[in-house]
Amino acid sequence: MEDISAVATTNFDTNYELHQKHLTLKGLQPKTIEAYSRAVRRVGDYFAHQIDDLSESDLLDYFADLRETHSWSSLKLDLYGLKFYYEHVLKKPWVAPGLIKPPRSQRLPDIVTVEETERIFLATQVLSYRVFFFTLYSLGLRLGEGLRLTVADIDGARGRVHIRDAKGNKDRLVPLPTATYQLLRRFWQRHRHPVLLFPNRRGGSAGARTARTPLDRGGVQKALKAVVESCGLKKTFRHTVCATLMPRTWSRPASSSPRCSAFSAITRFSRPFATPI
């Protein structure tokens, strides 16, 4: 029995490595690669690494058990990852078409008001996180898009930002508000990294200029969660959108404008930074 288990584990490890190569060569996004890899690891643990000849009954049991502890989103990712494994590694047809059909649902996101966003910005004590949150908000970016920003992506002359490798492996251009541009310039003058706009904080202010990676995704998420809790906001921020978009310029804000509160926060950002990166 031990010999059979050892052979199965060795065969699984070999095919898993091959699976990784196929994922990379197909040009999938890093998050997709990780999700599909996790799917194969999870199903491998479930079946003691013997996953090369799974029947429809086996898959039915697996996904039924998985649904007890995971979301429909996780089920779909495991399904797609395992189908990719069968198609590109095992060269076998998928044995259970139509096995999973998640229910359709459409939920409205929580709305963060301008006043609440100001509270979040001002409650963020770490400078790099504060500037990062404001940049995401003012440009309307996803987390990964903001982390990947480089100095070369900021086109101050044309007032736009080049977003690279966005969803669907597509690039796009977004307007660059004047206030955001000024804030990013002042922030860059603090760390002066030749490439990264938001370098990793592990080395502190001294090490930011030579950092090899951007801010840690998990660290950013934990920081935002902590700030939200400190502000006493009860919203679910994973799928939250802002109530209003930032205007392109911020000259002469009308006192009755709902954006005046956010403008107040921006003017505070424009003062000399007193906190470390």
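Which element of the protein has the lowest mean pLDDT, and which the highest? Select strand S5, residues 241-242: its mean pLDDT of 46 is the lowest among the elements. Now select strand S2, residues 154-155, which has the highest, at 96. Keep both in mind, as this is a predicted model.

**Confidence**

Colour the protein by pLDDT. The average is 83. A score of at least 70 is reached by 81% of the residues. Next, select residues 237-260. Here pLDDT stays under 50. The model has 48 contacts for this stretch beyond four places in sequence.

**Helices H5 and H6**

Show helix H5, residues 114-123, together with helix H6, residues 127-139. Their axes come within 9 Å. The crossing angle is roughly 155 degrees. Angles over 145 degrees count as roughly antiparallel, so H5 is roughly antiparallel to H6.

Turn on the side chains. From H5, pick Val114, Thr117 and Phe121. They meet Arg130, Phe133, Phe134 and Tyr137 of H6. What kinds of residues make up the contact of H5 with H6? Five are nonpolar, one is polar and one is charged.

**Aromatic pairs**

Now display the aromatic rings. How many aromatic pairs are there? The count comes to 14.

Go to tyrosine 46 and tyrosine 62. Their ring centres are 5.0 Å apart. The planes stand at 75 degrees, and over 60 counts as edge-to-face, so this pair is edge-to-face.

Tyrosine 62 counts as buried, because its relative accessibility is 2% and the cut-off for buried is under 20%.

Return to helix H6 and select tyrosine 129 and phenylalanine 133. Both lie in this helix, four residues apart, about one turn. The two form a stacked aromatic pair. Their centres are 6.3 Å apart, with 15 degrees between the planes. Tyrosine 129 is buried, with a relative accessible area of 12%. Phenylalanine 133 is buried as well, at 7%. Phe133 is also one of the H6 residues that meet H5.

**Last stop**

Which residues do ring pairs link into a cluster with Tyr129? Select Phe132, Phe133, Phe187 and Phe198 alongside Tyr129 to see the cluster.

Methods
Residues are numbered from 1 along each chain as its sequence is written. This is a predicted model: local features need pLDDT of at least 70, side-chain atom pairs count only at pLDDT 80 or more; totals for chains, interfaces and linings use all residues. Side-chain values use heavy atoms; hydrogens and water are left out. pLDDT is the predictor's confidence in each residue, from 0 to 100. Helices (H or I, at least four residues) and strands (E, at least two) are DSSP runs, numbered from the N terminus. Contact means heavy atoms within 4.5 Å. Axes are lines fitted to C-alpha atoms, for helices over the stretch in contact, and angles run from 0 to 180 degrees between N-to-C directions. Angles under 35 degrees count as roughly parallel, over 145 as roughly antiparallel, 65 to 115 as roughly perpendicular and the rest as oblique. Ala, Val, Leu, Ile, Met, Phe, Trp, Tyr, Cys and Pro count as nonpolar, Asp, Glu, Lys and Arg as charged, and the others, Gly among them, as polar. Rings of Phe, Tyr and Trp (its six-membered ring) pair if their centres lie within 6.5 Å; planes under 30 degrees apart count as stacked, over 60 as edge-to-face and the rest as tilted. Buried means under 20% relative accessible area, exposed over 50%, partly exposed in between (1.4 Å probe, protein chains only).
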